[in-house]
Amino acid sequence: MRKILPLLLFVFITIGATAQKSAKDYFLSGNDKFVAGKYKEAIADYDQVLKQEPKHAPTLTNRGVAKDRLKDYRAAIEDFTSAIAADPKYTEAYLSRGLSKYNLKDYRAALLDFNKGIELDPKDAKAYNNRGLVRYGLKDYRGAITDYSKAIQLHPKYAEAYYNRGAPYYNLSEKANACNDWQEAKKLGIKDADLYLKKYCN
């Protein structure tokens, strides 16, 4: 079943002082290009930041996310690992690395990263949703349901979490729960949920 990977939030911070003004400009420019879908251009801007601030964890992380969008997952993981080395408590680097490992279907390694990210920030709804995707990949359907439910508890209108939770419910033969979740996801704006409702719930 298709799964939705929510976009990660960007980290906007002020880099250094007056002497580092150009690094800040490149950082913000890179973020703007990322939002516009110009991932290669964003990476070029992040490269310029890292020439001045080689251990700047937010830039390393954002560059890694851009590489992930280009499906260069291994290079993305290298950037996230560098970000973690620079700042071992930088939550977004763990969560982003977990997504890239998930994209490589390295579910067990991804699970470790999501566990660490959630340990650092236990109120991040997206982290629970994405860890649910990993647990679903590991066929830990109950664990996936627990994570999606936590995401919904933290963010009651989290459409993707409802949509995603339907799959493990269905795999556990809990059709009513699955259909209820897909119905809620549809109400919250996920059009793909209607396909599952028509296929599995009529």
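**Entry 1, helix α9.** I looked up what the buried residues of α9 pack against, and found α7 (125-137), α8 (141-154), α10 (175-187) and α11 (193-200). Contact here means heavy atoms within 4.5 Å. Helices are DSSP runs of H or I with at least four residues, numbered from the N terminus. I note that the model is predicted: local features need pLDDT of at least 70, side-chain atom pairs count only at pLDDT 80 or more, and totals for chains, interfaces and linings use all residues. Residues are numbered from 1 along each chain as its sequence is written, and side-chain values use heavy atoms, with hydrogens and water left out.

I then checked burial (under 20% relative accessible area, 1.4 Å probe, protein chains only). Ten of the 13 residues of α9 (residues 159-171) are buried, so the helix is largely enclosed by the rest of the structure. Among them are Tyr 162, Tyr 163, Arg 165 and Tyr 169. Just after α9, I found Ser 173 with a positive phi of about 65°.

I compared length with expectation, which is 1.5 Å times one less than the number of residues. The 14 residues of α4 (residues 73-86) should span 20 Å, and the end C-alpha atoms are 20 Å apart, which agrees. The buried residues of α4 include Tyr 73, Ile 77, Phe 80 and Ile 84. Their cover includes α3 (57-69) and α5 (91-103).

I placed Thr 59 in helix α3. Thr 59 is buried, at a relative accessible area of 0%. I also found a polar contact of 2.6 Å between the side chains of Thr 59 and His 56. Such a contact is a pair of N or O atoms within 3.5 Å; within protein, one must be able to donate a hydrogen and the other to accept it, and residues adjacent in sequence count only if both atoms are side-chain atoms.

Methods. Helices (H or I, at least four residues) and strands (E, at least two) are DSSP runs, numbered from the N terminus. Buried means under 20% relative accessible area, exposed over 50%, partly exposed in between (1.4 Å probe, protein chains only).
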